[in-house]
Amino acid sequence: MASSSHLAEICRGSSDDLDDFIEILEEVGSWLWRRGIHQWEPGSNRAQRVLLERYVESGCLIAARRGPRLIGGAIITPQPTEEWALLPGSGAIYLHKLAVSRAVSGQALGRKILDHCELVAERDGATRMRLDCWDGNAALRSYYRSAGYSELDAVESHGYPVRLFEKRLPPVPPAA
């Protein structure tokens with residue numbers, strides 16, 4: 001089921017979206033580095049192509065489109081990454097790589113994608129949505145807090161600290 005607005009249609013992505021999604025990730029990574037936010041080093045998302053391809057082939061890409069054009073997306077998966085290894089994961093869905101093309105930034109699309117991911121997670125029976133970001137990105141940490149996420153511990157990952165976030169999801173009412 002797709003959610004839509006005047007801005008975008010948000011639905012499950014396909015392998016046809018992989019190259020465009022990686023380009024959006026690289027675009028955002030370059031923009032962050034130019035601003036002194038050392039998250040998603042330019043080239044790092046292209047280097048993860050095999051991993052991203054596995055996620056996409058497993059139906060984990062949530063894609064935002066304006067017409068036929070991909071303008072944003074995120075990965076959601078029940079598989080925790082190493083950052084979450086020490087926390088119990090039962091009932092959790094993990095969000096990765098939330099990104100919006102700079103051409104549509106400032107239009108609340110990131111929040112719409114995040115909200116859609118939460119709805120998908122709820123429908124899939126998840127009780128929690130988890131994500132992480134570079135601990136030094138104060139603006140992004142504030143963004144997730146404003147979306148109802150609680151900050152948990154900061155952990156070391158790939159040589160830098162990442163902040164873990166979690167949001168409890170409402171239970172899905174039983175079918176009538």
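Predicted model: local features only at pLDDT ≥ 70, side-chain atom pairs only at ≥ 80, totals over all residues.
Residues are numbered from 1 along each chain as its sequence is written, and side-chain values use heavy atoms, leaving out hydrogens and water.

**Stop one: the helix pair.** Select residues 18–34 for α1 and 49–57 for α3. Their axes lie 11 Å apart, at an angle of about 125 degrees. Now show side chains. Leu18, Asp19, Ile22 and Leu25 of α1 meet Arg49, Leu52, Glu53 and Val56 of α3; contact means heavy atoms within 4.5 Å. By class, this contact has 5 nonpolar, no polar and 3 charged residues.

**Stop two: Gln39.** Move to the loop between α1 and α2 (44–47). Is Gln39 buried or exposed there? Gln39 is buried, at 7% relative accessible area (buried is under 20%, exposed over 50%, partly exposed in between, with a 1.4 Å probe and protein chains only). Select Asn137 next: its side chain makes a polar contact with that of Gln39, at 3.4 Å (a pair of N or O atoms within 3.5 Å, one able to donate a hydrogen and the other to accept it). Beyond four places in sequence, the contacts of Gln39 include Gly29, Trp33, Cys133 and Leu140.

**Stop three: Gly67.** Go to the loop between β3 (61–66) and β4 (69–77). Gly67 is exposed, with a relative accessible area of 55%. Finish at Ala99, 32 residues away along the chain from Gly67. Their C-alpha atoms are separated by 18 Å.

How values were computed. Axes fitted to C-alpha atoms, helices over the stretch in contact; angles between N-to-C directions. Helix = DSSP H or I, 4+ residues; strand = E, 2+ residues; numbered from the N terminus. Nonpolar A, V, L, I, M, F, W, Y, C, P; charged D, E, K, R; others polar.
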